[in-house]
Every structure is written in structure tokens, then in C-alpha cells.
Amino acid sequence: NMGLEDNLNSLIMNLSGVRFISYMGVGVLVERLRKLRALNGDLKLVGMNLYAQRLFRMVGVTALFDAFESETQAIGQFQEAA
């Protein structure tokens with residue numbers, strides 16, 4: 001059981017297989033993002049479908065997250081920041 005305290009604080013979440021996400025799910029992602037950033041980490045999102053993009057926009061959290069088309073792009077962003 002690994003927690004956020006185990007120095008695994010740079011994460012990429014691939015949402016390409018996610019067909020539905022709830023408002024509560026978005027809230028959990030925002031909370032995790034805040035925890036990771038407090039630990040000098042980050043959470044980058046990959047493969048968001050149009051539904052998820054629209055939901056993030058409606059909730060007003062689009063600007064909080066870095067979103068990418070591919071995992072390669074997201075990994076590159078982490079490497080540039082290092």
C-alpha cells in the first residue's frame with residue numbers, strides 16, 4: 001500500500017479508457033492535485049474525451065490541470081521541469 005508520502009509525487013493519469021466521470025470524481029482529482037503539488041509534485045492528465053473536457057470546463061477546473069494528448073508528451077513536460 002503506497003501513499004502519496006512515498007515520494008511518488010509526479011503522476012500521469014491516462015483517462016483514455018474512462019467513459020464517464022462524476023463531479024465527485026473531478027473533486028477527488030483536484031484534491032489529489034493539491035496534495036501532490038504540496039509535495040512538490042504534479043498530476044498530469046492524458047487522453048481526456050470530450051465529455052471529460054466539457055465537465056472540467058463546467059466545473060471550472062480546466063486551468064488547474066495540465067492535459068496532454070499522449071503519455072509521451074506528459075512525460076516530456078515532467079522531464080523539462082526537472
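**Exercise 1: A residue in a loop**

Ile-21 counts as buried because its relative accessibility is 12% (buried means under 20% relative accessible area, exposed over 50%, partly exposed in between, with a 1.4 Å probe and protein chains only). Before going on, note that this is a predicted model, in which local features need pLDDT of at least 70 and side-chain atom pairs count only at pLDDT 80 or more, while totals for chains, interfaces and linings use all residues. Residues are numbered from 1 along each chain as its sequence is written, and side-chain values use heavy atoms, with hydrogens and water left out.

Task: find where Ile-21 sits and which residues it is in contact with.

Step 1. Ile-21 lies in the loop between E1 and H1. Helices (H or I, at least four residues) and strands (E, at least two) are DSSP runs, numbered from the N terminus.

Step 2. Leaving aside neighbours within four places in sequence, Ile-21 is in contact (heavy atoms within 4.5 Å) with Val-26, Leu-29, Tyr-51, Ala-52, Leu-55 and Phe-56.

Step 3. Pick out Leu-55: its C-alpha atom is 8.3 Å from that of Ile-21, although the two are 34 residues apart along the chain.

**Exercise 2: The two sides of a helix**

Task: decide which residues of helix H2 (residues 50-59) are buried and which are exposed.

Step 1. Ala-52, Leu-55 and Phe-56 are the buried residues of H2.

Step 2. Looking down the axis of H2, these residues fall within an arc of 100°, so they line one face of the helix; the arc is that of the directions from the helix axis to the C-beta atoms.

Step 3. Now see what the buried residues pack against: helix H1 (23-38) and strand E2 (42-46).

Step 4. Check the ends. Asn-49 caps the N-terminal end of H2, with a side-chain oxygen 3.1 Å from the backbone nitrogen of Tyr-51. After H2 comes Gly-60, which has a positive phi near 85°.

**Exercise 3: A covered strand**

Step 1. E2 runs parallel to strand E1 (residues 10-14), joined by five bridges. E2 also pairs with strand E3 (residues 66-68) in the parallel sense, over three bridges. Two strands pair if DSSP finds at least two bridges between them.

Step 2. Lys-44 is the bridge partner of Ile-12, and Phe-68 in E3 is the bridge partner of Val-46.

Step 3. Lys-44 counts as buried because its relative accessibility is 4%. Its side chain makes a polar contact with the side chain of Asp-66 (2.8 Å). A polar contact is a pair of N or O atoms within 3.5 Å; within protein, one must be able to donate a hydrogen and the other to accept it, and residues adjacent in sequence count only if both atoms are side-chain atoms.
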